[in-house]
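Here are my notes on this model, as numbered points. Please read them with the structure open.

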Amino acid sequence: MESAPFFAEVADGPDGGAAWWLTASDGVRVRMGAWMPEDARGTVLFFPGRTEYVEKYGRAAADMAARGYASVAVDWRGQGLADRPLPDRSSGHVNDFTEYQLDVHAVLAAADALSLPKPFHLAGHSMGGAIGLRAVVEGAPFETAAFSAPMWGIIIKPFMRPFARAVTGAAGNFGFGHKYAPGTEAQTYVLAEPFEGNKLTRDRDMYDYMQRQLRAHPELALGGPSLTWVHEALKELRALRAMPLPKIPGYCAVGGAERIVDANEMRAVMARWQGGVFETYPGSEHEILMETPEIRARFFDAITAMFDNGHAWDAQVSTAC
């Protein structure tokens, strides 16, 4: 493991944060960041969403450090400082969604190599929720799994869904898979859109936090997804719907004002998750971890209760149900 750049001045994380380069089994280089407070009683592995990067989870790591946990975040392939597969670095692209599992394996191996405190707990946001769900289904060593607005379904008008699958698939077949999906562009969302009316957060300070990071380090920014990314994401979501769910405690939260991912798909998954809990957060947009202090505190308190109690928490939930 080789040290990687880490922008502590914009992360606002706990002291002692650091980052490393990791090489996945297919040779792709990704970046992992970690915050390791003393006497932590476990480690939360944040699986970020599309366009996100290590430093964006600095404040979340501070929230978890205050609750007694170390934290990890990752630049998935194709975003942050990780290797990007296209000459156009602004295009969010992946050849196959399951490639992200190679990044997961690299992160877990690195967490072990760093002797990060166990047990490990998953906290997956948006796209990271889809990556995380496959990871726990396939046996990743997480004791519990928490999700913030997981991308288990994408909001697409019903009459457009067959069109989306057909067109994005054909684009790859005819050599246009690298093109931006309709309605997206090279500029990253938080720099293209004003705070008013944005789909991410109702907290201006958190929106300013994200904007400051990308203005200071534009190399972290990512634009819209490629047509191939959309096609592979839709294929992965169909696959996830058919998978058996893991037998570990699970918690899923979605904002009451969610406009990006499909809350109905979350409800469907959590209804099948034995002892799982699904909660709606009124007043929250997509990024619960980047919302108002009250919303963030509610989420971090909820997942900490699950992390602290593990399967005892699962049994309590089952009894309550």
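1. Which strands do the buried residues of helix 9 pack against? They pack against strand 8 (250-255) and strand 9 (277-281). Helices (H or I, at least four residues) and strands (E, at least two) are DSSP runs, numbered from the N terminus. Buried means under 20% relative accessible area, exposed over 50%, and partly exposed in between, with a 1.4 Å probe and protein chains only.

2. Some ground rules. This is a predicted model, in which local features need pLDDT of at least 70, side-chain atom pairs count only at pLDDT 80 or more, and totals for chains, interfaces and linings use all residues. Residues are numbered from 1 along each chain as its sequence is written, and side-chain values use heavy atoms, with hydrogens and water left out.

3. Back to helix 9, which spans residues 263-272. Its buried residues are Ala-263, Met-266, Val-269 and Met-270. An α-helix has 3.6 residues a turn, so residues three or four places apart point the same way. The face turned away from the buried side carries the exposed residues Asn-264 and Ala-271.

4. Next, strand 7 (residues 142-148), where Ala-145 is found. Ala-145 counts as buried because its relative accessibility is 0%. Leaving out residues up to four places away in sequence, Ala-145 touches Leu-122, Val-136, Ile-248, Pro-249, Gly-250, Tyr-251, Trp-273 and Met-306. Contact means heavy atoms within 4.5 Å. Ser-148 lies in strand 7 as well. Ser-148 is buried, at 1% relative accessibility. Its contacts beyond four places in sequence include His-125, His-286 and Phe-299.

5. Ala-149 is worth a look. This residue lies in the loop between strand 7 and helix 5 (161-173). Its phi is positive, about 45°, although Ala-149 is not a glycine. Ala-149 is also buried, at 0% relative accessibility. Asp-12 has a positive phi too, near 55°. Asp-12 sits in the loop between helix 1 (8-11) and strand 2 (18-23). At 35% relative accessibility, Asp-12 counts as partly exposed. Most residues other than glycine have a negative phi, and most peptide bonds are trans.

6. Check the peptide bond between Lys-118 and Pro-119. This bond is cis, with omega about 10°. Pro-119 is in the loop between helix 3 (100-113) and strand 6 (120-125).

7. Now the nonpolar cores. A nonpolar core is a set of buried Ala, Val, Leu, Ile, Met, Phe, Trp, Tyr and Cys residues joined through side-chain atoms within 4.5 Å. The largest has 56 residues. Phe-97, Phe-142, Met-151, Trp-229 and Trp-273 have the most contacts inside it. Neighbours within four places aside, Phe-97 is in contact with residues including Met-127, Ile-131, Met-151 and Trp-229. A second, separate core of 46 residues includes Val-44, Tyr-251, Phe-299 and Phe-307.

8. How many aromatic pairs does the structure hold? The count is 14. Rings of Phe, Tyr and Trp (its six-membered ring) pair if their centres lie within 6.5 Å; planes under 30 degrees apart count as stacked, over 60 as edge-to-face and the rest as tilted. Phe-46 and Tyr-57 form a tilted pair, 5.4 Å centre to centre with 40° between the planes. Phe-46 is buried at 1% relative accessible area, and Tyr-57 is buried at 1% relative accessibility. Ring pairs also link Phe-47, Trp-76, Phe-97, Tyr-100, Phe-142 and Trp-229 into a cluster.

9. Finally, two arginines over rings. Arg-29 lies over the face of Trp-21, at 3.5 Å from the ring centre. Arg-298 lies over the face of Tyr-281, at 3.8 Å from the ring centre. A charge sits over a ring if NZ of Lys or CZ of Arg is within 6 Å of the ring centre and within 35 degrees of the ring normal.
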